[in-house]
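Me: I'd like to learn how to read a protein model residue by residue. Could you walk me through this one?

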Amino acid sequence: MEDVKQKILKVCNEATKNTLMETLQIEYIDVGENYLVGKMPVNSKVHQPDGVLHGGASVALAESIGSTASYIFLDGQNFFVRGIEIAANHVKSIRSGEVFARATIVHKGRTTQLWDIKITDSENNLISSCKLTTMSLPKK
């Protein structure tokens, strides 16, 4: 099981080359039966002008982790995954360190999926709570 887990994480991390995920330094770090976890550093690259984590960076992290989770847990070889709606509640600010996003499946439909994504700091304080809806489109 550990070998499979490491292979999945390797594929996910290799897919970030030359993308927004690479720019934001998002790294996939854990995967389980129904979840995916990623992390992102909090520094000036993802700050808003007053020096705290920008909500847009949090949303980009949430959508990246949730969409990748859809790809993993669906048939990513035969389907494209697209985020179609995301909602975020930012409940705490953070100036430095790392944030961790854990995407857990709420609904796994044939064409749409609903993900719950919690973003926390290194002490497990909730930073943002997000819901992401993804859609699976057949590759033609």
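Reply: Let's start with one residue's contacts, where contact means heavy atoms within 4.5 Å. Setting aside neighbours within four places in sequence, Ser70 is in contact with Val81, Gln113, Trp115 and Thr134. Before going on: this is a predicted model, so local features need pLDDT of at least 70 and side-chain atom pairs count only at pLDDT 80 or more, while totals for chains, interfaces and linings use all residues. Residues are numbered from 1 along each chain as its sequence is written, and side-chain values use heavy atoms, with hydrogens and water left out.

Me: Is Ser70 buried or exposed?

Reply: The idea is a cut-off on relative accessible area: buried is under 20%, exposed is over 50%, and partly exposed is in between, with a 1.4 Å probe and protein chains only. Ser70 has a relative accessible area of 0%, so it is buried. Its place is in helix H3.

Me: What does the radius of gyration say about the protein?

Reply: The radius is taken over C-alpha atoms, and the globule rule is 2.2 Å times the number of residues to the power 0.38. For 140 residues, a compact globule would come out near 14 Å, and the protein's 15 Å agrees with that. Along the principal axes, the C-alpha atoms fill a box of roughly 45 × 30 × 25 Å. In the protein, 42% of the 140 residues count as buried. For contacts between residues at least 6 apart in sequence, 58% join residues at least 24 apart.

Me: Which residues touch the most other members of the largest nonpolar core?

Reply: A nonpolar core is a set of buried Ala, Val, Leu, Ile, Met, Phe, Trp, Tyr and Cys residues joined through side-chain atoms within 4.5 Å. The largest one has 29 residues, and Met40, Leu53, Leu61, Ile65, Val99, Ile117 and Ile119 touch the most other members. Elements giving two or more residues to this core include helix H1 (2-14), helix H3 (55-73) and strand E5 (112-121). H3 gives the most, with seven residues. Take Ile117: beyond neighbours within four places in sequence, its contacts include Ala62, Gly66, Ala101 and Leu132.

Me: Where is Cys12, and what does it touch?

Reply: Cys12 sits in helix H1. With a relative accessible area of 8%, Cys12 is buried. Not counting residues up to four places away in sequence, Cys12 touches Tyr28, Thr68 and Ile72. Its C-alpha is separated by 9.4 Å from that of Ala69, 57 residues apart along the chain.

Me: What about the loop between H1 and H2: is Thr16 buried or exposed?

Reply: Thr16 lies in that loop, between H1 and helix H2 (20-23). At a relative accessible area of 6%, Thr16 is buried. Asn18 has its place in the loop between H1 and H2 too, but Asn18 counts as exposed at 75% relative accessibility.

Me: What is phi of Asn18 near?

Reply: Phi of Asn18 is near 60°, a positive value in a residue other than glycine. Gln25 also has phi near 60°, and its place is in the loop between H2 and E1. Gln25 counts as partly exposed, at 39% relative accessibility.

Technical notes. Helix = DSSP H or I, 4+ residues; strand = E, 2+ residues; numbered from the N terminus.
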